[in-house]
Amino acid sequence: FAFEMREQEPKHHGTTDVQFCLKVRLESDEEVRKVVLDEKEYGEWEWKEPREILEGNFHPALKYAVGCFLAGEALEELE
């Protein structure tokens, strides 16, 4: 499951056994500007709304993580 869409060799094996997702809330443009990604690791990137991930062609593990994020947001609103 975790390597269904893997592009790196070996395509059917890897080292990930557990998936962890962390949430960081960026509340200002200044905080967003501080996000710097390593160009050696990320050739390109862009911001996406959660629904774009859920409805798009993304890895099932990422979609699951976004679904969990939205469920957590909904739970926080009920508290």
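This is a predicted model: local features need pLDDT of at least 70, side-chain atom pairs count only at pLDDT 80 or more; totals for chains, interfaces and linings use all residues.
Biologist: Happy to start with the charges. How many salt bridges does the structure hold?

Modeller: The structure holds five salt bridges.

Biologist: What makes Lys-23 and Glu-73 a salt bridge?

Modeller: Their closest N and O atoms are 3.0 Å apart, and the cut-off is 4 Å between a Lys or Arg side-chain nitrogen and a carboxyl oxygen of Asp or Glu. The pair therefore qualifies as a salt bridge. Lys-23 sits in the segment before α1 and Glu-73 in helix α3 (residues 60-78), so the bridge ties together parts 50 residues apart in sequence.

Biologist: Nice. Why is Glu-73 called buried?

Modeller: Glu-73 has a relative accessible area of 19%, and buried means under 20%. The value falls under that limit, so Glu-73 is buried.

Biologist: And why does Lys-23 count as partly exposed?

Modeller: The relative accessibility of Lys-23 is 44%. Partly exposed lies between under 20% for buried and over 50% for exposed, so Lys-23 counts as partly exposed.

Biologist: Which residue does Arg-25 meet in a salt bridge?

Modeller: Arg-25 meets Glu-73, at 3.1 Å from N to O. This pair also links distant parts of the chain, with Arg-25 in the segment before α1 and Glu-73 in helix α3, 48 residues apart. Arg-25 is partly exposed, because its relative accessible area is 48%.

Biologist: Which residues are linked in a network of salt bridges?

Modeller: That network links Lys-23, Arg-25, Glu-73 and Glu-76.

Biologist: How do you know that Glu-30 forms a salt bridge with Lys-34?

Modeller: The closest N and O atoms of Glu-30 and Lys-34 are 3.8 Å apart. The limit is 4 Å, so the pair counts as a salt bridge.

Biologist: Why is Lys-34 called exposed, and Glu-30 partly exposed?

Modeller: Lys-34 has a relative accessible area of 60%, and exposed means over 50%, so Lys-34 is exposed. Glu-30 stands at 47%, so Glu-30 counts as partly exposed.

Biologist: Now the nonpolar side. Which residues form a nonpolar patch on the surface?

Modeller: Val-24, Leu-26, Leu-37, Tyr-42, Trp-45 and Trp-47 form the patch, with about 620 Å² of accessible area together.

Biologist: Where is Trp-47, and why does Trp-47 count as exposed?

Modeller: Trp-47 is in the loop between α1 (29-33) and α2 (50-55). Its relative accessibility is 52%, and the mark for exposed is over 50%, so Trp-47 counts as exposed.

Definitions and conventions
Residues are numbered from 1 along each chain as its sequence is written. Side-chain values use heavy atoms; hydrogens and water are left out. Patches are made of residues with over 30% relative accessible area and no salt bridge: like charges are joined within 9 Å, nonpolar side chains (Val, Leu, Ile, Met, Phe, Trp, Tyr) within 5 Å. Accessible areas come from the Shrake-Rupley method with a 1.4 Å probe; for residues, only the protein chains shown count as cover. Helices (H or I, at least four residues) and strands (E, at least two) are DSSP runs, numbered from the N terminus. Buried means under 20% relative accessible area, exposed over 50%, partly exposed in between (1.4 Å probe, protein chains only).
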